[in-house]
Structure formats: structure tokens, C-alpha cells
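Q: Could you take a close look at one of the cavities in this model and what sits around it? I'd like the cut-offs spelled out as you go.

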Amino acid sequence: AYFRSLTDNKGITGYHVPGKEHQNVPCMTSVGVLCRLLAGEKRTSGSIRLGVEQILKQPPVWKKKNPQSPFYYWYYATQVMHHMGGTSWSDWNRVMRQAVPEQQIKTGEERGSWSPGGDQWGQHGGRLYTTCLSIYMLEVYYRHLPIYNYGLK
């Protein structure tokens, strides 16, 4: 109920109830949708679907400077899409599984890690933070059982 109260009629979750302080912060939409899914809300819910549509508008595309905390956002968005399954997951996964490994450092002392990037949390958390979140995204297939049964046996 709390995350629903922070979600506007477009599926965007903010730090505050919809109104003048409600902001379009992608990471909050991904966190809000994931928390609601884990709390048992149906993935067919209208505002869940709208939140997923908002997330799909901002796939994991690397930019030198991205003030919207991409690692934090991508980490939670990847879990959302994994649990949603279907085309939401396949569309997100197709981009994520290429974009994340492409940015991994391939040579030198930092080989195998990811650079902190241009977002504020990457700068605070540093290389360990961005490397951990990148690895977590790439192993979402193994770390999380899908919440919903996709009809697989």
C-alpha cells in the first residue's frame, strides 16, 4: 500500500506521494515495482504494467555521465523484468546482457571489474559497488527464482 501511494497514474514511483514534490526518478519506479511484486501484487495489475512500461523506456544504455544512478536502477529493474517474464524480460535482457559485459574492464590491474561511472552513487560506492551490482545483474538468472510460474515444467 505504501509503494502504491507513491505511484502516480503513469506508473512512476517517487519519494513522495504524487503532487508537486513527486519526481520521475527511474530507480524509485524500479524499486517500487519490485517491492510490490515481492509483496504479492499481481504482475497483471494496471499500475505494475504501467511501471514496467516506464522502466522499459530507459534500458541499460551506458553513458559517461548519468545522474539517475544507473547501476542502482539497472540492478532493481533487471529483477523486475526477470520476474515479469515474457517480452518485458526478453527485451530488457537482450540489451542488459550485452551492455553490461561490454563495459567490464578487460586488461590491467582492474581487469574483471567495472568503472564507477558518472552517477552519484557509483562515485560514492566506487569500483566495488559497480562491480557487485553488475555481477548481480548478470547472474539474475541464477540468484532469483521467478516469482510467477511461467508454465515451465
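A: Let's start at Gln54, which touches Lys10, Gly11, Ile12 and Thr29, leaving aside residues up to four places away in sequence (contact means heavy atoms within 4.5 Å). The model is a predicted one, where local features need pLDDT of at least 70, side-chain atom pairs count only at pLDDT 80 or more, and totals for chains, interfaces and linings use all residues. Residues are numbered from 1 along each chain as its sequence is written, and side-chain values use heavy atoms, with hydrogens and water left out.

Gln54 is found in helix α3 (helices are DSSP runs of H or I, at least four residues, numbered from the N terminus). Its relative accessible area is 14%, so Gln54 is buried (under 20%, with a 1.4 Å probe and protein chains only).

Now the cavity. The structure holds 2 cavities of 30 Å³ or more, a cavity being a set of points on a 1 Å grid over the protein atoms alone where a 1.4 Å probe fits but cannot get out.

Technical notes. 1 Å grid on protein atoms, 1.4 Å probe; cavity = no way out; pocket = protein on both sides within 12 Å on 5 of 7 lines; lining within 4 Å. Points joined across faces, edges and corners; volume = space filled by probe spheres on them. Helix = DSSP H or I, 4+ residues; strand = E, 2+ residues; numbered from the N terminus. Buried < 20%, exposed > 50% of the residue type's maximum accessible area, 1.4 Å probe, protein only.
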